[in-house]
Amino acid sequence: MTRVLSCIQPTGDVHLGNYLGALRNWVSGQHQADVFHGIVDLHALTITDQPHVLGERTLHLAAVLFAVGLDPNKATVFVQSHVPEHNQLGWVMECLVSYGELSRMTQFKDKSAKREAEFVSAGLFTYPALQAADILLYDADEVPVGDDQRQHVEITRDIAVRFNSRFGETFVIPRAVTPKVGARVMDLQQPTSKMSKSSDGDAGIIYLLEDPSSIAKKFKRAVTDSENEVRYDRNNKPGVSNLLDILSACTGETPESLASKYTQYGSLKTDTGDAVVATLTPIRERASELLQDKAELARLLAVGADRARSVAMKTLSRAYDAIGLLRP
Ligand code: TRP
């Protein structure tokens, strides 16, 4: 069976765009492949400067992942820092990637430029080496990533090929694959930009665990246009089309056929808000149950960490042996 690895950083709250665009496909994907999902807290550490934030975010994200339907008996959901092999192989990866290669990573250039006046950690620079460890530890065949992460999967392949030719066949060479994308959800206030944790203000963002009255309010205030025709036309009517796309993702009907049922923006907004509430309610309820039962959440994460470790330990050992480190 194909082994698939995807990881997500515990930064910011999960929103409707994450869910309809990606997480929902993780849930169906668990029936089609052997999937590993890491919550990569050590990656988030590269830009973390406050105490006691990361752990809470990690727990929250874990609750969301289980609440949306990842089944601990099918999918391996684990926290990166619970599997120390990531750090161990991460160092090996650092020694197999060059300064020049890391310097060419566009994500590092962008992130460090944005942090001009702030602390730029060495971890931000060596980040792709840790990511390579994440991927290679699990003998992943496929890594579904967006365009912003393709370069990191490429460098992982380069490192794996280099390791295998220097020290002998050890790692599976992973492929970056384009994830099946669900709906492309745009910001409700700025329907030409994607709904994103980095937008300023959150009037245009629907959080996965947001309460229903707040969701309804945000949909009522969603930006549309000054016409009064409900038509699916992403270029000329981004606000209305976004509502139709969201409603379509929640109901399974096509946006075009939905458009034909509405003559007024008001009722489209109300119905879309209602459909989103109906979709998110069971998720919110399950997540809050889990967040109130920390022992159960910890148990689920321990199941994931055990399974992840049993794979990761073997791979790390294989790598150490290939290099020929003196074993204790
Ligand atoms: N770098 C990825 C991001 O910023 C997160 C990530 C870390 C990742 N390790 C990974 C993604 C391994 C895929 C595979 O989104």
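The model is predicted.

**Stop 1: the ligand and its shell**

Begin by selecting the ligand. The residues that surround the ligand are L5, C7, Q9, V40, H43, Y127, Q131, D134, I135, V143 and Q149. Sorted by class, this shell holds six nonpolar, four polar and one charged residues.

Next, display the side chains of Q9, Y127 and Q131 together with the ligand. In the side chain of Q9, an N or O atom is 3.1 Å from an oxygen atom of the ligand. For Y127, an N or O atom of the side chain is 2.7 Å from a nitrogen atom of the ligand. Q131 places a polar side-chain atom 2.9 Å from a nitrogen atom of the ligand. The ligand taken alone exposes 360 Å², and the protein buries 89% of that area.

Now colour the elements around the ligand. Two or more residues of the shell come from each of β1 (3-8) and α7. Which element gives the largest share of the shell? That element is α7, with four residues. Keep helix α7 (122-136) in view, for the next stop returns to it.

**Stop 2: the aromatic pairs**

A search of the whole structure finds six aromatic pairs. Select F36 and Y138 to see one of them. The ring centres of F36 and Y138 are 5.1 Å apart and the planes stand at 35°, so this pair is tilted. F36 belongs to strand β2 (residues 34-39), whereas Y138 is in the loop between α7 and β4; the pair thus links distant parts of the chain, 102 residues apart.

Are these two residues buried or exposed? F36 has a relative accessibility of 2% and therefore counts as buried. Y138 is also buried, because its relative accessible area is 0%.

Move on to F108 and F125. Their ring centres lie 4.9 Å apart with the planes at 75°, so the pair is edge-to-face. F108 is in helix α6 (residues 106-114) and F125 is in helix α7, so the pair ties together parts 17 residues apart in sequence. F108 counts as buried because its relative accessible area is 18%, and F125 counts as buried because its relative accessibility is 15%; the cut-off for a buried residue is under 20%.

F36, F78 and Y138 form one aromatic cluster.

**Stop 3: Y19 in helix α1**

Select Y19, which is placed in helix α1 (residues 16-29). Y19 counts as buried because its relative accessibility is 7%. Which residues does Y19 touch, leaving aside those up to four places away in sequence? They are R24, V68, L208, T279, L280 and I283.

For a distance across the model, draw a line from the C-alpha of Y19 to that of M93. The two are 32 Å apart in space and 74 residues apart in sequence.

**Stop 4**

Most residues other than glycine have a negative phi.

Select H52, found in the loop between α2 (41-44) and α3 (54-67). The phi of H52 is near 60°, a positive value in a residue that is not glycine. H52 counts as exposed because its relative accessibility is 79%.

Finally, select D139, which is found in the loop between α7 (122-136) and β4 (142-144). D139 is not a glycine, yet its phi is positive, at about 50°.

Definitions and conventions. Residues numbered from 1 in each chain as written. Predicted model: local features only at pLDDT ≥ 70, side-chain atom pairs only at ≥ 80, totals over all residues. Heavy atoms only, no water. Buried < 20%, exposed > 50% of the residue type's maximum accessible area, 1.4 Å probe, protein only. Contact = heavy atoms within 4.5 Å. Near = heavy atom within 4 Å. Polar contact = N/O pair within 3.5 Å; in protein donor to acceptor, adjacent residues only side chain to side chain. Areas by Shrake-Rupley, 256 points an atom, 1.4 Å probe, with all protein chains shown as cover. Nonpolar A, V, L, I, M, F, W, Y, C, P; charged D, E, K, R; others polar. Phe/Tyr/Trp six-rings, centres within 6.5 Å; stacked < 30°, edge-to-face > 60°.
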